[in-house]
Amino acid sequence: MTRFLKTAFTVLAVTAAPLAFGSVANAQVSGIATANPTIAIAKTKAFSAAYSQIGTQYKSYLDQIDARNKTLNGLRAQLDTDNNKQLTQEELDAAVKANSPVLQSIETEETEIQKLQTPAIKAQMFAVENIFNEYSNAQQQVVTNKKIGVILSPDAFLYAPPQTDVTDAITAVLDTRVPTVSITPPADWQPQRNTVSLHQQLQQLLMASARNQAAQQQQQQPPAAQPASR
């Protein structure tokens, strides 16, 4: 989870093609729909606003994390004996056997990074939990409006027409029910277990979105100019 923090601070739009909903008659006949709660929450206005606010509020923490990550990468490079930029278990075992002082330095940096990340991650989880607390009500509203009998995970379908996906409809209801959320948890607040799991899924979704956007930008860049031949 922690390695996704830097991306989590950035507001990344979840790039999903607009879903076309079928007619009410089709929805009534089948009575079956699919929805992805993670995507539904990630596309809400409250989620984007909360993550943007957290990114601004904790920018100084992020800068410190970046600096410590650079130090950490330098320490790890000292144990990378084959210089392939990958620290293997064998290399770590060799460092332990040699009682390398670098290991203690690595542990110190990782501990400090974790301390710096904790307030922002807790703020993210608090915002996510506040949105998720309304998810069931939003889903039920969509179920009632569209006369749906069953909602299944997208993974449960081998094939489903686009109009069976009601994720965007749930997002729209969430935007109405939870237009904004707080990012300041009470001092004694602890996230629920399902909040921790959902937060991890959202971080992975944001990372995937960031990779896709980076790949698209790479494809859109004009090719480098070739030197003129003599």
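Mentor: Glutamate 112 and lysine 115 both lie in helix H7, three residues apart, or about one turn of the helix. Helices (H or I, at least four residues) and strands (E, at least two) are DSSP runs, numbered from the N terminus. An α-helix has 3.6 residues a turn, so residues three or four places apart point the same way. Glutamate 112 forms a salt bridge with lysine 115, and the closest N and O atoms are 3.7 Å apart. A salt bridge here is a side-chain nitrogen of Lys or Arg within 4 Å of a carboxyl oxygen of Asp or Glu. Lysine 115 is exposed, at 52% relative accessibility. Glutamate 112 is partly exposed, at 26%. The cut-offs are under 20% relative accessible area for buried, over 50% for exposed, and partly exposed in between (1.4 Å probe, protein chains only).

A word on the ground rules. This is a predicted model, with residues numbered from 1 along each chain as its sequence is written, and side-chain values use heavy atoms, leaving out hydrogens and water. Local features need pLDDT of at least 70 and side-chain atom pairs count only at pLDDT 80 or more, while totals for chains, interfaces and linings use all residues.

Now look for salt bridges that leave the helix. The structure holds six salt bridges. One of them joins arginine 68 to glutamate 109, with the closest N and O atoms 3.0 Å apart. Arginine 68 sits in helix H5 (residues 59-79) and glutamate 109 in helix H7 (residues 101-132), so this pair ties together parts 41 residues apart in sequence. Glutamate 109 is buried, at 13% relative accessibility. Arginine 68 is partly exposed, at 28%.

Glutamate 110 forms a salt bridge with arginine 76, at 2.9 Å between the closest N and O atoms. Again the link runs between distant parts of the chain, from glutamate 110 in helix H7 to arginine 76 in helix H5, 34 residues apart. Glutamate 110 has a relative accessible area of 37% and is partly exposed. Arginine 76 is also partly exposed, at 31%.

Turn to the nonpolar side of the story. In soluble globular proteins, nonpolar side chains tend to be buried together. A nonpolar core is a set of buried Ala, Val, Leu, Ile, Met, Phe, Trp, Tyr and Cys residues joined through side-chain atoms within 4.5 Å. The largest core has 32 residues, and Ile41, Phe47, Ile131, Val166 and Ile170 touch the most other members. H7 is among the elements that give two or more residues to this core; the others are helix H3 (37-42), helix H4 (45-57), helix H8 (135-146), helix H9 (167-177) and helix H10 (193-220). A second, separate core of nine residues includes Leu72, Ala95, Ile106 and Ile113.

Which residues does isoleucine 131 contact, leaving aside its neighbours within four places in sequence? They are Ile41, Thr44, Ala46, Phe47, Leu174, Val178 and Val181. Contact means heavy atoms within 4.5 Å. Leu174 is one of the buried residues of H9, which also include Thr167, Ala169 and Ile170. The buried residues of H9 pack against S1, H3, H4, H7 and H8.

Then come the rings. Rings of Phe, Tyr and Trp (its six-membered ring) pair if their centres lie within 6.5 Å; planes under 30 degrees apart count as stacked, over 60 as edge-to-face and the rest as tilted. By this rule there are four aromatic pairs. Phenylalanine 126 and tryptophan 189 have ring centres 5.2 Å apart and planes at 80°, so they pair edge-to-face. Phenylalanine 126 is in helix H7 and tryptophan 189 in the loop between H9 and H10, so the pair ties together parts 63 residues apart in sequence. Phenylalanine 126 is buried, at 11% relative accessibility. Tryptophan 189 is buried too, at 11%. In another pair, phenylalanine 132 and tyrosine 135 have centres 6.3 Å apart and planes at 15°, so they are stacked. Tyrosine 135 is buried, at 6%, whereas phenylalanine 132 is partly exposed, at 27%.

Last, step back to the chain. It has ten helices and two strands. Buried residues make up 33% of its 230 residues. Among contacts between residues at least 6 apart in sequence, 91% join residues at least 24 apart.
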